[in-house]
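Please read them with the coordinates open.

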Amino acid sequence: MAKQEPITAGAADLLAEALRWRDEGHSVAVATVVSTWGSSPRPVGSQLIVDDQLRLQGSVSGGCIEGAVVHEAQAIMAGAPGKLLEFGVSDEQAWEVGLACGGTIRVFVEAVE
Amino acid sequence: MKRALLEALQAARRAKRPAALVTDLRDGQQALIVDSDRQGDLALDAGLFAAVEAAIQADRSGPLAEDDGIFVHVFNPPLRLITVGAVHISQALVPMAQLAGYEVLMVDPRKAWANTERFPDVTLVEGWPDEALRSLQPDHRTAVVVLTHDPKLDDPALTVALRSPAFYIGALGSRKTHGKRLDRLRGEGLEEAALARIHGPIGLAIGAKSPAEIAIAILAQMTQVLHGASPLVKARPPGQRQGQGAEAAQ
């Protein structure tokens, strides 16, 4: 399970890291948990950043959906528009990505321009 | 996410100003709200703008009830903990509170206690507790914990804290000590409603004895108050009296 960061602050500054990666000339995408229902491993506002070398920092779940999020992020870094992803037990995809903890979460993925 | 907006957000966070990044999940347009100023390509009508300001005030990220296609990501400065008294309990409480995400500010005019050797990673605030607290301006995201056991230092700190909107105010000391403290503060003109805000004896009733355990009891109570959780009513340690806080060791 990913380390739980405090609600308000104190966590590693992922957005600063995203800007650093961008400055190095990499494409960067940011994924943010925008809503949750039921038991979800990470609270609203949790973020995952990824770059074109598949460097990862942060998390949007306990690890169950990161693979699917990164897959979408690659297309978005390549120029596709930002996208709202939904994962849940009612969704067939939930089994594929393994969100078997009973929660539903929505994750917005966008590129850093 | 426009680079300029991201940089402006980071600047606001560095300056410890409350901010919110607002995203229209349907098209990715965004606005950054800092101190009631909006920038970015997402327009917000007055109703949505007020809802964003309310989310910042409540420190709550999420979709807006008014329009769940609009996501508000609140970036508030860290919660603050002002500890009055650079005592043994503080040496445990400071790192615990920092782990929980608090910015910790230490107030104690006694240099033998408040020094960087005993407290290497904390901001030491100069001045007598009342003037120090006045300069720090406790707000609704600040906790004030008074631990010196010395009325000369504790009382002036409490006098200022009780006239602030601090979300948590706690004072170390047994019930007897706390009773005398309340009498003194009444003499300072503080009203019962204000005095009732003090958590004293400080900390949840978990049978805490050592400085580290008392720090846990304090931080747990701060967390409980912060999130509006109901008081603990079960799992009292065997042999412990009802309502007994960390006072056994206070």
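1. Domain bounds, as used here, come from an automatic or database domain assignment. The model is a predicted one, and for chain B that assignment gives domain 1 (3-75) and domain 2 (80-249). The C-alpha centres of domain 1 of chain B and domain 2 of chain B are 34 Å apart.

2. Chain B contains an open sheet of 5 strands, which follow one another in the order 3-2-1-5-4 with antiparallel pairing. Strand 3 (37-40) and strand 4 (62-63) of chain B are the edge strands, each of them pairing on one side only. In general, the strands of a sheet pair through backbone hydrogen bonds, in either a parallel or an antiparallel manner.

3. Within this sheet, strand 1 (residues 19-24) of chain B is joined to strand 2 (residues 30-34) of chain B by 5 bridges in the antiparallel sense. As a point to check by eye, Ala20(B) has Ile33(B) of strand 2 of chain B as its bridge partner. Helix 1 (residues 3-14) of chain B packs on the sheet, where it touches strand 1, strand 2, strand 3 and strand 5 (70-75) of chain B, and the direction of helix 1 makes about 20 degrees with that of strand 2 of chain B.

4. Helix 2 (residues 46-58) of chain B also deserves a look: helix 2 lies across strand 1, strand 2 and strand 5 of chain B, and runs at about 35 degrees to strand 5 of chain B.

5. Which residues of helix 3 (residues 88-99) of chain B are buried? They are Ile89(B), Ser90(B), Leu93(B), Val94(B) and Ala97(B). Because these residues cover an arc of only 125 degrees around the axis, they lie on the same side of helix 3 of chain B.

6. The buried residues of helix 3 of chain B pack against strand 6 (80-84), strand 7 (103-107) and helix 8 (211-226) of chain B. Helix 3 of chain B is followed by Gly101(B), which has a positive phi, near 100 degrees.

7. Turning to the contact between chains, 21 residues of chain B are in contact with 21 residues of chain A. On the side of chain B that touches chain A, helix 1, strand 4 and strand 5 of chain B each supply at least two residues, and the largest share, 4 residues, comes from helix 1 of chain B. By class, this side of chain B has 10 nonpolar, 8 polar and 3 charged residues.

Technical notes: Residues numbered from 1 in each chain as written. Chains lettered and ligands numbered in written order. Predicted model: local features only at pLDDT ≥ 70, side-chain atom pairs only at ≥ 80, totals over all residues. Pairing = 2+ DSSP bridges. Contact = placed C-beta atoms within 7 Å. Axes fitted to C-alpha atoms, helices over the stretch in contact; angles between N-to-C directions. Buried ≥ 20, exposed ≤ 12 C-beta atoms within 10 Å, placed from the backbone. Arc of directions from axis to C-beta. Nonpolar A, V, L, I, M, F, W, Y, C, P; charged D, E, K, R; others polar.
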